[in-house]
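Hello,

My notes follow below it.

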Amino acid sequence: MVVRAANRALAIARDAAPAQLAGYMSAQVLGGLTPLAVAWLTKAVVDRLAAASVSWSDIVGLAVTLAAIGVAAALAPHAIRYLKLEMERRVRLTCTGRLYAAVDQFTGLGRFEDPAFLDHMQTAQSAGINGPGEVVDSGLGMLRSLITVLGFAGTLLLLGPWVATVVLVSAIPAMVAEIAVSRRRAAMVARMGPRQRRELFFSSLLIDPDAAKEIRLFGVGRYLWQRMTAEINVINREHRRIDRRELVVQAALALLSAGITGALLLLAVRAAVRGELSVGDVVLVVAAVASVQTALAGLVTDTVSAHQALLLFRHYLTVVDAGPDLPVPVKPRPVPVLRREIELRDVWFRYADDQPWVLRGVNLVIPAGSTTAVVGLNGAGKSTLVKLLCRLYDPTRGSVLWDGIDVREFDPVNLRERVRTVFQDALAYDLTARENIALGDLTALTDQARIEAAARTAGIHETLDKLPRGYETLLTRIFFAESEHGDPETGMVLSGGQQQRLAIARGLILGGSDLLILDEPSSALDAEAEHDVHSRLRDARRSRTGLLISHRLGVVREAEFIVVLAEGRITERGNHEELIAAGGAYSALFELQAAGYRASTAGVAS
Ligand SMILES: Nc1ncnc2c1ncn2[C@@H]1O[C@H](COP(=O)(O)OP(=O)(O)OP(=O)(O)O)[C@@H](O)[C@H]1O
């Protein structure tokens with residue numbers, strides 16, 4: 001598993017930054033050989049100096065080579081740093097692109113509501129995208145250390161085979177102990193994922209312009225930041241625990257290493273006194289012991305870093321390898337133009353196996369070319385039904401049929417080209433007015449006529465036209481337009497009702513869709529504006545099939561078919577007159593709303 005992840009990391013680095021990777025690798029190999037070259041050259045110089053007669057010409061070549069290596073060694077870290085940073089930048093860009101491309105392939109909503117998968121996405125986004133860079137970085141560090149260690153192993157043999165063995169074997173407990181700490185750290189990071197997400201939630205909320213109003217009016221800022229610091233405290237406590245364990249392990253290992261170095265030094269000096277080693281040999285052994293100890297410590301640290309980076313990188317791989325969340329047939333059927341009807345046949349749905357049923361055997365036919373309205377109390381399941389029609393989820397049981405074809409036989413992307421939905425909680429993007437509309441169909445991005453036509457149908461054209469920069473006005477107060485950096489006048493914020501109209505324009509811009517779903521798109525509009533929007537929408541729906549969800553029965557009454565959804569079941573169906581005559585829940589609700597209007601009209605009149 002770790003090996004597979006390492007291979008994937010290396011492959012990404014090779015794809016993203018081949019030249020930088022090759023340069024970085026060469027520099028690290030040379031870096032690993034440098035201490036060896038320096039030690040052997042120094043030994044040669046010292047031995048010649050210690051000889052009875054020595055001339056300048058005897059050692060000038062060695063001395064110049066030594067000096068040249070010194071110059072190269074002084075420059076190398078800067079070159080390595082540049083190559084490493086450039087490689088990491090390129091790798092991060094590639095990983096980020098692949099991550100979001102993968103997330104974009106999740107056509108349903110399930111994964112965005114699964115806490116375990118959200119943890120994978122959060123770790124992939126924060127740490128996983130740096131994984132390949134860190135793995136390569138640590139891997140090349142290991143390679144460099146390994147070259148130094150193996151190169152000096154022969155030198156240590158000068159002191160006897162057991163000496164080389166002791167030095168090399170002393171690295172094993174260090175490796176084992178450090179990897180154990182690393183595993184604990186990775187497990188802790190995974191455990192802290194939900195807390196980290198909550199910390200992020202609180203910190204974003206506290207500076208979110210949309211949340212600022214409520215937070216101030218309710219005076220809950222303190223409560224929220226204290227909740228945030230409570231999360232940070234727990235995260236810090238866990239990190240501290242691991243840091244302390246690491247401190248103990250590293251102190252013990254440092255003692256072991258210093259003890260071995262000291263003992264070897266004593267051995268070398270004693271051997272020299274006995275005439276078994278030359279002065280140059282002693283210099284070489286001292287350099288060898290120091291270099292091997294440093295390289296072994298580097299090897300351990302880099303192994304642990306690589307291991308840590310790989311564990312985090314696995315979250316990234318989980319996300320990019322997750323594949324489609326909704327099953328898509330190998331050969332999806334093309335979505336035909338809707339001619340007859342959309343049918344929900346015995347549809348049961350719950351958001352997860354441990355959640356209650358939201359829809360319980362819904363049977364509903366939405367005839368093509370007409371408008372069907374769904375009414376029901378809060379939580380009855382109306383928006384859930386809409387999500388199944390857009391195939392943001394699949395029914396747990398039963399099926400949704402498009403002219404008799406199960407929508408699971410289509411590619412969801414194709415289906416959504418035929419279905420347009422405007423939700424009550426549609427987003428207002430911090431982009432220009434033009435982009436806010438064109439996001440409904442990006443082919444219209446530069447087609448002002450289409451954008452304006454959609455805006456006119458939604459009754460927002462006059463408003464947008466009068467903005468300081470017309471359709472090019474940024475609809476935000478949190479960014480400046482790039483061209484006018486620093487000008488606080490660049491952004492505008494629309495009212496709630498205007499934003500809804502904008503969302504309607506976005507929903508309408510796609511030509512050729514068959515089904516227009518309006519899930520309370522006018523809840524933020526005043527009565528006059530709502531009437532205006534609905535009469536415009538009626539015209540827009542004329543050639544399409546419409547599904548309307550609304551709590552305002554004055555709007556609903558004009559639909560050809562009305563169904564009442566209660567506790568996940570359809571309890572009444574018919575047109576307005578039929579439902580009023582039936583005297584059921586619809587009739588009672590309609591009476592209640594009408595009485596409210598009559599009372600307020602009477603109040604105004606008196
Ligand atoms: N993502 C979700 N995960 C779990 N449960 C959900 C989710 N979304 C909605 N529900 C639950 O499903 C039920 C139906 O919700 P839904 O939003 O479909 O109702 P609705 O009829 O549209 O309500 P409203 O009139 O308030 O908009 C509710 O009990 C709600 O708690």
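**The sheet, the ligand shell and a helix pair**

An open sheet of mixed pairing is formed by six strands, in the order β6-β7-β8-β3-β9-β10. Its edge strands are β6 (419-423) and β10 (569-574), each of which pairs on one side only. From one strand to the next, the twist averages 15°. Please keep in mind that this is a predicted model.

Within the sheet, β7 (residues 515-519) pairs with β8 (residues 545-549) in the parallel sense, over five bridges. Opposite Asp 519 stands Ile 549 in β8.

Next, the ligand. The residues that surround the ligand are Glu 113, Tyr 351, Gln 355, Val 358, Gly 376, Asn 378, Gly 379, Ala 380, Gly 381, Lys 382, Ser 383 and Thr 384. Sorted by class, this shell has seven polar, three nonpolar and two charged residues.

Last, a pair of helices. The axes of α5 (residues 131-156) and α11 (residues 279-320) come within 7 Å and cross at roughly 155°. Because angles over 145 degrees count as roughly antiparallel, α5 is roughly antiparallel to α11. The contact of α5 with α11 involves 20 nonpolar, eleven polar and two charged residues. The crossing of α5 and α11 is left-handed.

Regards

Technical notes: Residues numbered from 1 in each chain as written. Predicted model: local features only at pLDDT ≥ 70, side-chain atom pairs only at ≥ 80, totals over all residues. Pairing = 2+ DSSP bridges. Helix = DSSP H or I, 4+ residues; strand = E, 2+ residues; numbered from the N terminus. Axes fitted to C-alpha atoms, helices over the stretch in contact; angles between N-to-C directions. Near = placed C-beta within 6 Å. Nonpolar A, V, L, I, M, F, W, Y, C, P; charged D, E, K, R; others polar. Parallel < 35°, antiparallel > 145°, perpendicular 65-115°, else oblique. Left-handed = near helix turned anticlockwise from the far one by under 90°.
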